[in-house]
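Take a look at the fold below.

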Amino acid sequence: MSIPLHLAVHLGGVTVAAALVLLVLLSPTTATTGRSDPRSLPLTSRGTIALGAGLLLVSHLVVGALLAEAEGWPLLLRAAGYAALAVGSAGGLVGGPVLRHGPREGGAMVVVPAVLAALSVPPPLTVAAGLAGVAACVATARGVLGRGRHIVLLATGIALWAAGDLLIGSRPTFAAALSLAGSLAAGVWVLRRATRRSLAGRFTGASLATLLALVVGLGAGSGLALASDVQAEQRDRLAAVAAAQAGDLVDRSGAALEATAAALAGQTLVEPLTTGDVELADQRIGSITALPDVEVVVLTDAAGEVVASRDGGAPMAPSAARLVAAAPATTVALDGGLSRGVVDLGDGTLLVVGASPVAPLDGGAPQLGRQVGSLVLGRTLTSEPLIERLGQDTASDALIVVGGRVVASTLPDADAAALVGGLGAGTVAIDGVERVVASAELGSPARGQLVLALPADRATDASRTAARTAFLLAVVGLLVAGALITVLARRATEPVSRLTAAAERVAAGDLATRVDVEGEDEVGRLAAAFDGMTVSLEARDRDLRTSLAEQGALRDRLETVTASMGEALLATDAAGTVTTANPAAADLLGAGDVDELIGRPLHESLRGRADAGGDLLELLDGDGQRSAVTTSLRGELTGSGRIVEASAAPLTAADADADDGAGDQGGRVYVVRDITTRVLADRVRTEVIANLSHELKTPLTPIKAFLEVLAGRGGIDERYLPMLELARDGRARLESTITALVDLAELEAGETSVDLRALDPRVIAGDLIERWHERAPSRTLSRRVRRGTPPVLGDAGLVARVLDALVDNALKFSEGPVRIVAEPVGGEVHLRVRDGGPGLPVGRREEIFELFVQADGSSTRSVGGLGIGLPTAGRIADLLGGRIELDDAPGGGTDAVLVLPVAHEDAP
């Protein structure tokens, strides 16, 4: 396995296993949190799972540090680790649910036999580890660690680990890739579980993951560089040895042969060459082959032709002899010099040769100018003994390569061929063993190559040392960095954790919480803002509680009021369903109690027809469109025949941000008043008044005629004239009262006709002053019409009746002058009757318009009347589209004001 893959596999395994141990040991137990907490684990499960992860951790440490082979006893540790994971995930050895979310009990009863069966499998241990891993994967998928798509990551990681262990002997690289993928999958689960609820865990996990990737990269790079440097050094050293050996073969052997040839050339060979005696020459060179390290002897004449040759004890092949005679070393010797070199005999045989000229001696020195030939001595470089001795001397495998073909080797032919095929790579793998290869040329020019091959034990040892050193340094670095990062993460996230805890206490209702975090950074400013927020929330909470208490009291009072109301009160939501009702509503609508009304559509309970025609509820809601304005109608309820006055108003949710300023329409509130008794009483009263006025008016007519006849005749005793005047005044008052009753009866019966026209306020005021000057000549009446007062829209007769009633009251309740004022106010005209009387209390100004109510209701009052003048005037003002207002006059007294609309220009 390459160094990068080795570091990635085992550092990843160590990191994930260690993280799983810490995660499980730091998780809460079900004894303290209950099974509702998804992070809680049974106590026995927690210990067993931590044991399993710890065994996996030890296995990765041992193999990663190259203290044991991956296929050895660490596999047994891994199998035991998987077994512990399976048992722990299934609920522990004591018991518990097999599957956390399943119905069965006694997890160990099911998983333990499967694990024991896996561990009892005979060698190889890869099968036992694979089966135990599968058991752990199945138990984890739905065990105590959780369920769902996230736990699938951990289960998948364990399955990939087990698959890698199963293939570690047959396909180690693919097994390592599976193990690395398993660490990634399990690591993602651990990281997600650790960081899901902890900001410090998230920071630590992300930092360690980044640091792990960096450490693996740096460690792999440094390990590869070290192994590569050692291997390159070994190649360079071997190349130097090969060059030295090649030079020694050629130079040292050639020099010895050269010296031997020089010593023999002038002693015994001059004669045969001079005389041309071939037999003598063959005899002489035959004795030379007996010398040590001389295997080949070639003797040529001065022209370079072979005279005699020997290869060991036999004559040399003529072709081979001619190749030696034509060699550069021979040519140099024929020129009178000593020479050495390498000769390729063409059949894969290489000779190292030494050549010397053959010349007569003079005083022991050769006479080179008189040379007669050359002597060439040779030694075979491709002999097996020479190669074996060379291999022993260099402690390596040696080869001689000629023309790309191995001609001599200390290796078998197949291995030698493989070695020659990988010469350019620097390293060659033979039978799974890496070998460092170097070569050197034999001869100049090169006639062949000397190849040396060494097993790459030192390079392999260097790679293992580099991997072990990088792994251990990475583990130590991760431990130190993890501890440092954890401390820094806790320090950095502690203020955030305190803020979170404070926010949770605030969410639970403790608004007095404060965060004691100081600093000028973002967290310090956030803490200060948080404290300011809690202070504000606490103040608002107090205000809100006070407001709620007040609203509660107000609601109680309101419920009491609505329950005691005589009118029916109903409220609906936007869909028209009754949400609130009072007992009067239940009684009026014929329900047994309030609960029968609430929750039902209002149109099922409130049914009736309006006096103007149409459905009462639809008209109240604006023809069924739920009008946003308040409406009031009178009608009769279906079934009960009760006559009611009903009003409806919208319940709106104010929206201050709306462009039109209107709120969003919600429900509606309805008030229904039973007026059956009052209507019937009014009808009876109207009928009684009409009949009574008719019956009184009938006998009054002859009385009036008789009194007028008496007043017109003379001769009545003076004593009876006052009586006659009293009778006439009484008759006039009685006739006025009867007329008022008749007018009231007509108004109540709706029989009063109205003819609206444009009227001049000056004319109205002038006619009023003129009439009352005749009726009350002793009283002072004046008028004032402001300039620019526009015409009013009204009926002349009805306007006169209303003003007469107001003037009559003013004259009755005051003794000073009465002033008539007409003036425009806004789009209306006020016709004001002002007196200087005692005035009218504000609280009685509404009830004075009710029938038969007197300002002074005592039996001793000084002013008479039935109390129908102002009520009649008020009804007439309503018919005219106006109204009557009572105000305090400046300086005392009362202003009775008839308010009429301004007439448009096109009004008649």
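Which residues are buried in helix 23? This is a predicted model, where local features need pLDDT of at least 70, side-chain atom pairs count only at pLDDT 80 or more, and totals for chains, interfaces and linings use all residues. Residues are numbered from 1 along each chain as its sequence is written, and side-chain values use heavy atoms, with hydrogens and water left out.

In helix 23, the buried residues are Pro761, Ile764, Ala765, Leu768, Ile769 and Trp772. Buried means under 20% relative accessible area, with a 1.4 Å probe and protein chains only. Helices are DSSP runs of H or I with at least four residues, strands are runs of E with at least two, and both are numbered from the N terminus. Seen down the axis of helix 23, its buried residues fall within an arc of 125 degrees, so they line one face. That arc is taken from the directions from the helix axis to the C-beta atoms. An α-helix has 3.6 residues a turn, so residues three or four places apart point the same way.

What covers this face? The cover includes helix 24 (796-812) and strand 23. Contact here means heavy atoms within 4.5 Å.

Strand 23 (residues 818-825) holds Glu823. Glu823 is buried, at a relative accessible area of 11%. Its side chain makes a polar contact of 3.0 Å with that of Arg832. A polar contact is a pair of N or O atoms within 3.5 Å; within protein, one must be able to donate a hydrogen and the other to accept it, and residues adjacent in sequence count only if both atoms are side-chain atoms. Beyond residues up to four places away in sequence, Glu823 touches others, including Arg786 and His830.

Note on methods
Buried means under 20% relative accessible area, exposed over 50%, partly exposed in between (1.4 Å probe, protein chains only).
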